[in-house]
Amino acid sequence: MERVKVKIKPSFYVFIVAAVVFRQGYFAATYAIAVLLHELSHYLVASKLFYHCNEIQLSIFGAVLYGEFQDVTPGDRVKIALAGPACNLILCVICSALWWIAPETYYYTEDFFFANISMALVNMLPCYPLDGGRVLTGLLEKKLDKRAVKVTKVLTVAVSLTLFGVFVLSLFTRHNLFNVGAFAVCLFSGIFATGKECYVRTAFSVNRARFLRKGMEKKTLVFSQNN
C-alpha cells in the first residue's frame, strides 16, 4: 500500500490555538483525530480499489483527500465516499460499548463520540462535495452520466439556501443560529469546487503484487512482419 502524505495548512493551526484560548483544546484534539480517521478510511478504501492518492490536507474546515482525478467509476465513488461516515459510525458504536462496559470512560470519550456522530450525519447530506453528495452522484451517474454532478449541485444549492433561510428566521427569535448560517455559506461555496480530491488508477508497477493476487486480463497483440 502506498503511503499518503498528511499536510497541515496554517488555518488548522489557527483553529487549534483558538480552541486552546477558549479552553476547548480537548474537544479540538478529538475532532482532529475523528477527521483524520475519516479521511484515512477514504484513503484505505481507495487504495484497496487500486486508486492512487497524493495527500490528506488538514485545514480549519476539516480534511480532504487529494489525488489525480481521472477514471473513478460510479461504483467505486460510492464505496470510497461511504468509507468515511462508516468509520465515524463504527467509532461511535465502540464508544457506546465502552460506556456500557466501563461507564467511567464516558467522561473521556463523550467529545469524541459527538465529534464522530456529527461528522457522519453532516457528511451524509446529499450535497456536493460532501460524502453524501458523492454517493448520490455515483448512483445517478449510471443513468445521467456527466449530468449527475449538475443535479447534485442543484440539490446542494437548494439545501444551502434552506439552511440560510433557517438562520435568517432565527435572527427574529431568541435562538441565533449563526453556525447554521456559516455552514450554509460553506456548503454553497462547495459547489464551485474543482473536483481535485479524487483518485486515478495506480500503475501496475506500483501495486504489482496485489494485481497478481487478484488476477489480470492478458492480451496478445499480433502484427504482420511488414509492420
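This is a short tour of a predicted model, one selection at a time.

**The whole chain**

Start with everything shown as a cartoon. The chain holds eight helices and four strands. Followed along the sequence, their order is β-α-α-β-β-α-α-α-α-α-β-α. Now switch to a surface view. Of the 227 residues, 37% are buried. Among contacts with a separation of 6 or more, 69% are between residues 24 or more positions apart.

Select E141 and R77 and show their side chains. Side chains of opposite charge can pair when their charged atoms come close. Here the two side chains form a salt bridge, with 3.1 Å from N to O. E141 belongs to helix α5 (residues 131–144) and R77 to helix α3 (residues 74–101), so the pair ties together parts that are 64 residues apart in sequence. Are these two residues buried or exposed? Both E141 and R77 are buried. The count for the model is one salt bridge.

**A nonpolar patch**

Return to the surface and select F164, V168, L171, F172 and V185. These residues form a nonpolar patch on the surface, and their accessible area together is about 480 Å². Take F164 from this group: F164 sits in helix α6 (residues 147–170). Its relative accessible area is 35%, so F164 counts as partly exposed, a class that lies between the 20% limit for buried and the 50% limit for exposed.

**Backbone details**

The last stops concern the backbone. Most residues other than glycine have a negative phi, and most peptide bonds are trans.

Select R23, in the loop between α1 (10–21) and α2 (25–48). R23 is exposed, with a relative accessible area of 77%.

Move to F50, in the loop between α2 and β2 (51–59). How does F50 stand, buried or exposed? F50 is buried, with a relative accessible area of 7%.

P129 is found in the loop between α4 (106–123) and α5.

Terms used
Residues numbered from 1 in each chain as written. Predicted model: local features only at pLDDT ≥ 70, side-chain atom pairs only at ≥ 80, totals over all residues. Heavy atoms only, no water. Helix = DSSP H or I, 4+ residues; strand = E, 2+ residues; numbered from the N terminus. Buried < 20%, exposed > 50% of the residue type's maximum accessible area, 1.4 Å probe, protein only. Contact = heavy atoms within 4.5 Å. Salt bridge = Lys/Arg side-chain N within 4 Å of Asp/Glu carboxyl O. Patch = residues over 30% accessible without salt bridge, like charges linked within 9 Å, V, L, I, M, F, W, Y side chains within 5 Å. Areas by Shrake-Rupley, 256 points an atom, 1.4 Å probe, with all protein chains shown as cover.
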